[in-house]
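Please look over the model shown here. The report below takes up its domains, a sheet, a helix pair and a chain contact in turn.

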Amino acid sequence: MVTTSEVAVESEIEELTDKRPFMSQLREFGRKQPLGSIGLIIVLVMIFASVFAPILTPYDPEANAFEFMLTPPNLDFLLGTDQFGRDILSRIIYGARTALFVGFTAAFIGATIGLVLGVASAFFGGKFDLIFQRVMDVFMAFPLIILALAVVSIFGTGVQNVIIAITIPFIPRCARVVRSSALAIREIPYIDAARANGFSNSRIIMRHMVPNVMAPFLIMITAFVGQAILLEASLSYLGLGVQEPVPAWGLMLQGGAEEYVESAPWVAIWPGVAISLAVFGFNLFGDAVRDTLDPKLRSQ
Amino acid sequence: MKFPSLKFVVPLAAGLALSFGMAGTASAQKRGGILNFVVGSKIPSYDGHIEGTFGMIHPIRPFYSTLIRVNPDNPQSPTDFICDLCVGDVPKGEDGFTKYVFKIREDVKFHDGTPLTADDITATYKKIIFPPEGIASARKAFFKMVDSVESTGKYEVTFKLKFPSGSFIPSVAMPFNFVYSKKDLDEKGYTWHKANINGTGAFTFVQHQPGSFVEGKKYAGYHHMGADGKPKPYLDGYKAISAPKMALRLQAIRGDRAAIEFRGFPPKARDDLVKALGDKITVQESDWNCALFATPNQRRKPFDDARVRKALSLALDRWGGSKYLSQIAIVKTVGGVVFPNHPLAATKEELVKLAGFGTDVKANRKEARRLLKEAGAENLKMVFNNRGVDQPYKVVGTWLIDQWKQIGVEAEQQVNPSPVFYAKLRKKSDFDVSIDFNCQSVVNPIADVTKFLGSAGNNYGGYKDDVLEKIYDRLLRAGTEKEQRVIMREFETRALSDQVHMIPTLWWYKINPHRSYVKGWKIAPSHYLNQSLDQIWLDK
């Protein structure tokens, strides 16, 4: 007899191992997920901008040029300049690097640690699972930004510490979701077979369980990137994230935007637009990935 | 009808007008109300003897009195001092200006009810001037001329000096010299005041919610009388609201959640407030006895090498920086070690002879690169420790990093909240180069320049320069202003140009826009002065 969970897992595996050409899959994704496609385009534009920033930017994003301070958008400075005379367009493009670096790194590390811990918790069960989940409950009781603020206040400011601060709150969130999938997989006979063959716990977890919870893992990662970008911007805005003169969107809002929002609104508007677009793009894309990989939603 | 003689009428009219005028002045002050003001920095500790930040002085100073103080009605004057806890005029000095006898008020009580006597003043100044081993005193170096301080009666304190010094009285008038109770010092220890408050000021401590506000209420037993013949203060209380972000402070005044910020806003903020609120805002402006520096940590390589320090100074375009930074930050004037425009300050002709003050920026930077190469510090990478306060630290910090980049030095800025920033400077000495400032209260150049001495409690450079110490000793003993001026140039050249112990940026410029209903407060050339709040009243 085949259980429901087995069907679901097999279906997910089939989806993940779809052998159709990439472009064909992409076209189908675009057709089925038009909003997700817009999100994907935004994400790709961000990645392109950050990779080719030195070619795309007309000016050094960190160089002061006071003779051009607070210049409104014009043909020389398409998005205007800030109070140090720095080109806002160049800083936005380079800011994408900071956002993506922090976003992807924090999301990947946080989700990966959460993945391993979530699967381990489900696999071992019993007291380990009980205690581990209560610890996760404690972490999840704090809103993301509060926990990140606490971590930054302990470790200090700077890119590395911001990544740590954002990574830590992601771990329990991913672990909780992955654990629920792993609990179903733990009951499938091939896990019993692996045990009967005398495989070690770590081998069963890493080789037989983890690959089968990749769908929720990928969904979590895409959702986390958007959140991480927003968190990084929030921390930088509060003066606790990356520091001047590093181009970062939240920092651009913090630096001069508050002081010059009335007389030079472009200083505040463009970084705000960049943050909104990036988070919007990643959220749309994440939702589309979830819809594509989730068998229940897919069948609807 | 015969008119009375003009000889009689004119003086009578003038007398009546004066009388009515005086009566009008005397009754002008209104009593009551709570003064809300915003403070842009946190409180590292409550102890005035070790702190040097407005983050402490603005919320805490109203709880304390000092022996003498700058006249709150004439704070721009560097010589107008009046008694606070003493009686009568500030003593002129006896025995060839080597002895100062202060008569102490007999009607003063600490907030805990303990009567104030000369012993409290003596114990306070002994703590400041001769602190025991392990007890910090930020202004110890200001009192190098003091030989002894003793109670010579229950209400009489005598200071004896080793040599006459014009900087003695201004040093005594510094607002950080909170008078503590001897009983507290003896029984609770010399560090008790870091976290506890018991003063004789116009306000008593109510509460401190860290990161939020400090609240004080009127002290009914305060010793100064108001213009209406009743005891000061005029206010019922005050609330010092913590607001680290400038935009927040600005909006607080704009929305009337706070009436004033005592430190200062940049020109742009002033213009915005005036534009939005018109005559509801009053603006007071002044030169500021405050200079911003970058201090290299000479305990670390390669900053122990004067060539590297000199290169960092040569990289700065101070004249260009002044032109532009003054539009976005509370800095303006290019200067040396002395408050600009003071008779002892360097002229522009004298300044341009100092390393990094020359107007040929390209030549300066070429020399800087050469020095770095010679010192083996090409492509230097360093961490620049900055304070988490927008104005002017972070703005000038961003400018400094750009300037250094132009000689190939890569600086990563690390911004820390005030307590962490100070801990890095004082306890841990954990920095490469740090933002630093010489913000003094009373304009007193001979005392103010002690900041540059490696032996000073508020010097964080970690160096010992015997030559500079000897120059300063000569400066202290210089009898005439002409002589002081010559020695001051020697001191300046040694500190800023030859050894470059500290890298000067720009002097500050103070702009205080405030709600027009705040009366009785006059801007001083320092944001530390005139903060007892006992003369402020609200015209609501």
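Predicted model: local features only at pLDDT ≥ 70, side-chain atom pairs only at ≥ 80, totals over all residues.

## Domains of chain B

On the domain 1 side, 31 residues take part; on the domain 2 side, 25 residues do. The domain 1 side of this contact holds 16 nonpolar, eleven polar and four charged residues.

## A four-stranded sheet in chain B

Chain B has an open sheet of four strands. Their order is E1-E9-E8-E7, and the pairing is mixed. Strand E1 (34–39) and strand E7 (203–209) of chain B are the edge strands. Each has a single partner strand, so one side of each is left without a neighbour in the sheet. On average, neighbouring strands of this sheet are turned by 15° against each other, direction ignored.

What is the sense of the pairing between E1(B) and E9(B)? It is parallel, and it runs over six bridges. Strand E9 of chain B covers residues 237–242. Within this pair, Val39(B) in E1(B) stands opposite Ser242(B) in E9(B).

## A helix pair in chain A

Helix H6 (residues 126–141) and helix H8 (residues 159–186) of chain A cross. Their axes come within 9 Å, and the crossing angle is roughly 125°. H6(A) and H8(A) are therefore oblique to each other. The cut-off matters here: only angles over 145 degrees count as roughly antiparallel, and roughly perpendicular ends at 115. The crossing of H6(A) and H8(A) is left-handed.

Which residues make the contact between H6(A) and H8(A)? From H6(A) come Met136(A), Phe139(A) and Met140(A). From H8(A) come Pro169(A), Pro172(A), Arg173(A), Ala175(A) and Arg176(A). By class, this contact has six nonpolar residues, no polar ones and two charged ones. Arg173(A) and Arg176(A), both in H8(A), are the charged ones.

## Contact between chains A and B

The two chains also meet. How many residues of each chain are in contact? Chain A contributes 16 residues, and chain B contributes 18.

Definitions and conventions: Residues numbered from 1 in each chain as written. Chains lettered and ligands numbered in written order. Pairing = 2+ DSSP bridges. Helix = DSSP H or I, 4+ residues; strand = E, 2+ residues; numbered from the N terminus. Axes fitted to C-alpha atoms, helices over the stretch in contact; angles between N-to-C directions. Contact = placed C-beta atoms within 7 Å. Parallel < 35°, antiparallel > 145°, perpendicular 65-115°, else oblique. Left-handed = near helix turned anticlockwise from the far one by under 90°.
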